[in-house]
Amino acid sequence: DVDIANAKQVLKQLDYFYPNANKYQVEGFFWWQGDKDRYDEAYAALYERNLVRLIQQLRVTFQCPKAKFVMATLGQTDLKTEAGTEKMIMDAMLAVDGNAGNYPEFVGNVSTVYSHPLSKGGSSNGHYNGNAETYMNVGEAMGKAMVELSIASNNSSDDHK
């Protein structure tokens, strides 16, 4: 994936991009994807399994086994959606959320933001009609989710001291 390759390249040349920096620590990842998978039922059916593998592999690739992971559902998909590939993808994201308890390794460090109420129209394949408010709303909600995971993680480590 080009995004991962680009991130690795920046980290290899950290001092070039961030003068005087000589080390880094990955604290977390953001993921707001799923659009391409909604066009193919086979992809949508594998979304949960692949999402679990993605989180695990990102943590290995960037040597950050405790990194948090925050994802957002596709904004056009309502929780009341009864069937279809969009529902399959949303259900997969909700199943991987640490609060769901389906993956013990993700409890307290993986969070899903339900973005439908935050979307101001359009859909993922139309980039939400270019509505900046949608992007701001989802970005802010994802940021808050990351902060909540970080605070919970810090409180948990304080409890074990």
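How do the residues of the lining of the largest pocket divide into nonpolar, polar and charged? I will come to that after a word on conventions.

This is a predicted model, in which local features need pLDDT of at least 70 and side-chain atom pairs count only at pLDDT 80 or more, while totals for chains, interfaces and linings use all residues. Residues are numbered from 1 along each chain as its sequence is written, and side-chain values use heavy atoms, with hydrogens and water left out.

So, the lining. It divides into 22 nonpolar, 6 polar and 5 charged residues. Here Ala, Val, Leu, Ile, Met, Phe, Trp, Tyr, Cys and Pro count as nonpolar, Asp, Glu, Lys and Arg as charged, and the others, Gly among them, as polar. The lining comes to 33 residues, and those nearest the centre of the pocket are Asp 1, Asp 3, Phe 30, Trp 31 and Gln 33. Helix 1 (2-12), strand 1 (28-31) and helix 4 (47-61) each give the lining at least two residues. The space in this pocket is about 930 Å³.

On the method: rolling a probe the size of a water molecule over the atoms shows where empty space is left. A pocket, on a 1 Å grid over the protein atoms alone, is an open set of points where a 1.4 Å probe fits, with protein on both sides within 12 Å along at least five of seven lines; lining residues have an atom within 4 Å of a point. Grid points are joined across faces, edges and corners, and the volume is the space filled by probe spheres set on the points.

Next, the fold. The protein chain has 6 helices and 3 strands, where helices (H or I, at least four residues) and strands (E, at least two) are DSSP runs numbered from the N terminus. Along the sequence the pattern reads α-α-β-α-α-β-α-β-α. The radius of gyration of the protein chain is 17 Å, close to the 15 Å that the globule rule gives for 161 residues, so the chain is as compact as a globular protein of that length. That radius is taken over C-alpha atoms, and the rule is 2.2 Å times the number of residues to the power 0.38. The C-alpha trace spans about 50 × 40 × 30 Å along its principal axes.

Of the 161 residues, 33% count as buried, meaning under 20% relative accessible area, with exposed over 50% and partly exposed in between (1.4 Å probe, protein chains only).

Now the strands. Two strands pair if DSSP finds at least two bridges between them. Strand 1 and strand 2 are parallel and share 4 bridges, with Phe 30 opposite Val 70 in strand 2. Phe 30 is also one of the residues nearest the centre of the largest pocket. Strand 2 (residues 68-72) is joined to strand 3 by 4 bridges, again in parallel. Val 70 has Ser 111 as its bridge partner in strand 3, and Phe 69 stands opposite Val 110.

Is strand 2 buried or exposed? 5 of its 5 residues are buried, so strand 2 is largely enclosed by the rest of the structure.

Strand 2, helix 5 (residues 85-96) and strand 3 form a right-handed β-α-β unit. Right-handed means that, with the strands pointing away from the viewer, the path from the first strand over the helix to the second runs clockwise.

Last, some loop residues. Asp 78 sits in the loop between strand 2 and helix 5 and is partly exposed at 25% relative accessibility. Asp 78 and Val 113 are 35 residues apart in sequence and 12 Å apart in space, C-alpha to C-alpha.

Asn 20 lies in the loop between helix 2 (14-17) and strand 1. It has a positive phi of about 75° although it is not a glycine, and counts as exposed at 73%. His 127, in the loop between strand 3 and helix 6 (132-159), is not a glycine either and has a positive phi of about 50°. His 127 is exposed at 53% relative accessibility.
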